[in-house]
Amino acid sequence: MIILKEILRRNRAAIALFFLINGFQLTVFLLYDIMTEPLIYASIVSLCVLALLLAMDYFKEKKSRAERLRTVDSIANDRKCLPTPNSLAESDYHSIIEALSDRMEQTISEYESQRQDQLDYYTAWVHQIKTPIAVMKLRLSGDTPENRLLLAELLRIEQYVDMVLQYIRLSGNSNDLVIREYPLDELIRESVRKFAPFFVEKRLRLDFIQTNQTIVTDRKWFVCILEQLISNAVKYTPAGSVSIGMDNNGALYISDTGTGIAQEDIPRIFERGYTGLNGRTGQKSSGLGLYLAKKAADMLTIPISVESKEGSGSKFILNLKNRKS
């Protein structure tokens, strides 16, 4: 129907002219009382020829449109997939598309170059700022209440510094995954060890049940997920405990006895910048931690979910058994 409408629109002048001429001739023949039978025969033949030409144009356009539709998926990657132009107008359209494609490629190239410069800058910045952080850690190595408090704040700074780099890398299209087999308990201990000062500062108990499992994953990004979830658990648990283990379904869980999450916030907690009720009532939150965890989990094809009730703690679940291969 679309093609038929296009054919009629494109040939409307010829169709209108045909009926105008034949109508004019018929009027003249009737006025002068001339036999109209030859004119009617000629008009019928002309109409058949017109219908034949329209039918040929219809099937030609149908074939051409089918060819254009087949190239829609591949044209973004290869301009050579464009159908051969059959008219001056189509040739001009090809030139326009090629000019726009060149401009798009140039814009993409400039963007990638700027983004790589930005990534290089922040990578260098992270490494440079970690040097004074490491020096300050050594200065605060004495086991005093004041040093423990300052060390905990320093570790928060280091965590936010790491989040800068993680955010930029996850926002890009580059794939720096190194997939290997790792002992799961080793990755958990590595993540927990980083938050030891926070557990001491808040007097939280850690219940870690060894999994004795191995996991095929990227170490850096899997640890990133664990760190964000543990950080979240510690941040919103003023007293009590944080538990880490594996349930009977082969899923790794990180649960806490903290403030929990309001039910209306649960569907949005993995959105970038969303802080929810907890972030609006006293806790300073950037809304990036869980967003980074979800992005990294998606990259590693690990389903992540949460069970929580306000005032009764939260339980984040990494379904390692049903991860997509």
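Analyst: Helices (H or I, at least four residues) and strands (E, at least two) are taken here as DSSP runs, numbered from the N terminus. On that basis the chain contains 11 helices and 7 strands. The model is predicted, so that local features require pLDDT of at least 70 and side-chain atom pairs count only at pLDDT 80 or more, whereas totals for chains, interfaces and linings use all residues. Residues are numbered from 1 along each chain as its sequence is written, and side-chain values rest on heavy atoms, with hydrogens and water left out.

Of the 325 residues in the chain, 35% are buried; buried means under 20% relative accessible area, exposed over 50%, and partly exposed in between (1.4 Å probe, protein chains only). Contact denotes heavy atoms within 4.5 Å. Among contacts with a separation of 6 or more, 67% are between residues 24 or more positions apart.

The interior is described here through its nonpolar cores, each a set of buried Ala, Val, Leu, Ile, Met, Phe, Trp, Tyr and Cys residues joined through side-chain atoms within 4.5 Å. In soluble globular proteins, nonpolar side chains tend to be buried together. The largest core comprises 45 residues, and Phe-222, Leu-229, Leu-252 and Leu-318 have the most contacts inside it. Helix H9 (residues 219-235) supplies the largest share of this core, 10 residues. Setting aside residues up to four places away in sequence, Leu-229 touches Ile-254, Leu-290, Ala-293, Ile-304, Phe-316 and Leu-318.

Ser-314 belongs to strand E7 (residues 314-318) and is buried, at a relative accessible area of 6%. Beyond its neighbours within four places in sequence, Ser-314 contacts Ile-254, Ser-255, Asp-256, Gly-260, Ile-261, Glu-307 and Ser-308. With Ser-308 there is a side-chain polar contact of 2.8 Å, that is, a pair of N or O atoms within 3.5 Å, where within protein one must be able to donate a hydrogen and the other to accept it, and residues adjacent in sequence count only if both atoms are side-chain atoms.

The charged pairs complete the context. The structure has 14 salt bridges, each a side-chain nitrogen of Lys or Arg within 4 Å of a carboxyl oxygen of Asp or Glu. One of them joins the side chains of Arg-10 and Asp-57 at 3.1 Å, N to O. This pair links distant parts of the chain, 47 residues apart: Arg-10 in helix H1 (residues 2-10) and Asp-57 in helix H3. Arg-10 is partly exposed at 37% relative accessibility. Another salt bridge, at 2.7 Å (N to O), pairs Arg-156 with Glu-153. Because these two residues are 3 residues apart in helix H6 (residues 145-171), about one helical turn separates them. Arg-156 is partly exposed at 23% relative accessibility, and Glu-153 is partly exposed at 39%. Lys-130, Asp-162, Lys-194 and Glu-227 are linked in a salt-bridge network.
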